[in-house]
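Biologist: I would like to go through this structure with you, starting with its charged pairs. Could you bring it up, please?

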Amino acid sequence: MKPVEIAKDIYCLTAIDWNIRDFHGYSTYQGTTYNAYLVIDEKIVLIDTVKKDFADELIAGISQLIDPKRIDYVVSNHTEMDHSGGLPRVMHRIGEDKPLYCSKIGHKNLSRHFTRKWNFQPVEDGGELSLGKKTLTFMETRMLHWPDSMFTYAKQEKILFSSDAFGQHYAGLQRFDDEMGESIMPHALKYFANILLPYAPLILKLVDRVKDMKLPLDMICLDHGIIWRKDPAKIINSYVQWSLQEPKRKALVIYDTMWHSTELMAKAIAESLGEEGVDARPMHLRCCHRSDIITEVIDTGAIILGSPTLNNGLFPTVSDFLTYMKGLRPKDKIAVAFGSYGWSGEAVKLINRELEEMKFKLIDPGLKIQYVPDTQGIKACYKLGKKIADALPAK
Ligand code: FEO
């Protein structure tokens, strides 16, 4: 680990997890990073740690700058283990009695995660910690990403340490947005869709609060991925846009299939939508990862979900996807179910029930076709596609 000085006497310490491919159900094809930050002043503070497996790397990184024992304080912005897993090793190395600043809920969570009697210093929203010339301000940001989450703001340097918010799961040797250009944005969008989407209303409130505070921002330093320094406003504006989830004339035909009959239906529906000028895409659940599909869900107007009936129920991948999507709470979608069946045909009804629970607008009772769709069946799929297209926004 090579420390990178991001501002005078402020260092980014990045553990690069090149090989992780599954982050609690999210596909991380390009790995991720865990970023900690060292702020050196009359007092020295470490902001966040890294995943447990990388704790020794972090200590080695700190040691290139200072003797770790010189660290006076630790700040834990978030208790999820990818940022707190390294705490026991770090605290042992720097001194178990060093003050550990966190939110009040962070205090409770850390006590549950680790059975250590550390010198917890729970902070108030807006509380400050003077390091000498530099001052840190703490901001509660509940549910971004957990109830304990908070931001830390370095006043003089105008740097926001934003923990999970504004991050990306991307492993690379670059540290800043200006080294990546637009290529970082798909990673930021996927991260937002799969981690922060349920909290979109809170994000909108937070952005309003930050705007009201007129908080000057030269840099946003997050705990995963690339630091925003060229244009911090760009990612904030993108978060606002993504949080609004304004539906486009776009439809996802998400399905699985046993003997290609549901697949034939999916393709016919997608083709029909395409003919009506809809940006439509069939997505096979065993070819597209659930986290990639969710990234597409953000701005889509219609979710069309297909499953064959298997043993009176849904195909397992369809159940998996519904569970995942339900938890992420996308909003303002129209929806339709479809599927082929042999004799009982419960899948469409079961999908409808789930879609209704998600408060999607069902514009059709759903289309089920016995065994293999014939010419009439394909025509019915086309008709359904047209009906969905008519219900979507014009643009
Ligand atoms: Fe990167 Fe919520 O942890």
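Biologist: Which residue forms a salt bridge with lysine 250?

Modeller: Please note that this is a predicted model. Lysine 250 forms a salt bridge with aspartate 299, and their closest N and O atoms are 2.7 Å apart.

Biologist: Where do lysine 250 and aspartate 299 lie?

Modeller: Lysine 250 belongs to strand S15 (residues 250–255), while aspartate 299 sits in the loop between helix H9 (290–297) and strand S17 (302–306), so the pair ties together parts that are 49 residues apart in sequence.

Biologist: Is lysine 250 buried or exposed?

Modeller: Lysine 250 is buried, at a relative accessible area of 7%; the cut-off for buried is under 20%.

Biologist: Which residues are linked with Lys250 and Asp299 in a network of salt bridges?

Modeller: The network also includes Lys248, Arg281 and Glu296.

Biologist: How many salt bridges does the structure hold?

Modeller: There are 22 salt bridges in the structure. One of them joins the side chains of arginine 89 and aspartate 56, at 2.5 Å from N to O. Arginine 89 is in helix H3 (residues 87–94) and aspartate 56 is in helix H1 (residues 55–63), so this pair connects parts that are 33 residues apart in sequence.

Biologist: What are the accessibilities of arginine 89 and aspartate 56?

Modeller: Arginine 89 has a relative accessibility of 37% and counts as partly exposed. Aspartate 56 is partly exposed as well, at 47%.

Biologist: And what does glutamate 157 pair with?

Modeller: Glutamate 157 forms a salt bridge with lysine 134, with 2.9 Å between the closest N and O atoms. Glutamate 157 is in the loop between strand S12 (150–154) and strand S13 (159–163), and lysine 134 is in the loop between strand S10 (128–130) and strand S11 (135–140), so parts that are 23 residues apart in sequence are tied together. Both glutamate 157 and lysine 134 are buried.

Biologist: Changing topic, how many residues of H5 are buried?

Modeller: In H5, 10 of the 12 residues are buried, so the helix is largely enclosed by the rest of the structure. Among the buried residues are His187, Tyr191 and Phe192.

Biologist: What do the buried residues of H5 pack against?

Modeller: They pack against strand S4 (26–27), helix H6 (200–213), helix H7 (232–244), H9 and helix H10 (316–328).

Biologist: Finally, which residues make the nonpolar surface patch?

Modeller: Leu264, Trp343, Tyr371 and Val372 make a nonpolar patch of about 510 Å². Leucine 264 lies in helix H8 (residues 261–275) and counts as partly exposed at 39% relative accessibility.

Notes
Residues numbered from 1 in each chain as written. Predicted model: local features only at pLDDT ≥ 70, side-chain atom pairs only at ≥ 80, totals over all residues. Heavy atoms only, no water. Patch = residues over 30% accessible without salt bridge, like charges linked within 9 Å, V, L, I, M, F, W, Y side chains within 5 Å. Areas by Shrake-Rupley, 256 points an atom, 1.4 Å probe, with all protein chains shown as cover. Salt bridge = Lys/Arg side-chain N within 4 Å of Asp/Glu carboxyl O. Helix = DSSP H or I, 4+ residues; strand = E, 2+ residues; numbered from the N terminus. Buried < 20%, exposed > 50% of the residue type's maximum accessible area, 1.4 Å probe, protein only. Contact = heavy atoms within 4.5 Å.
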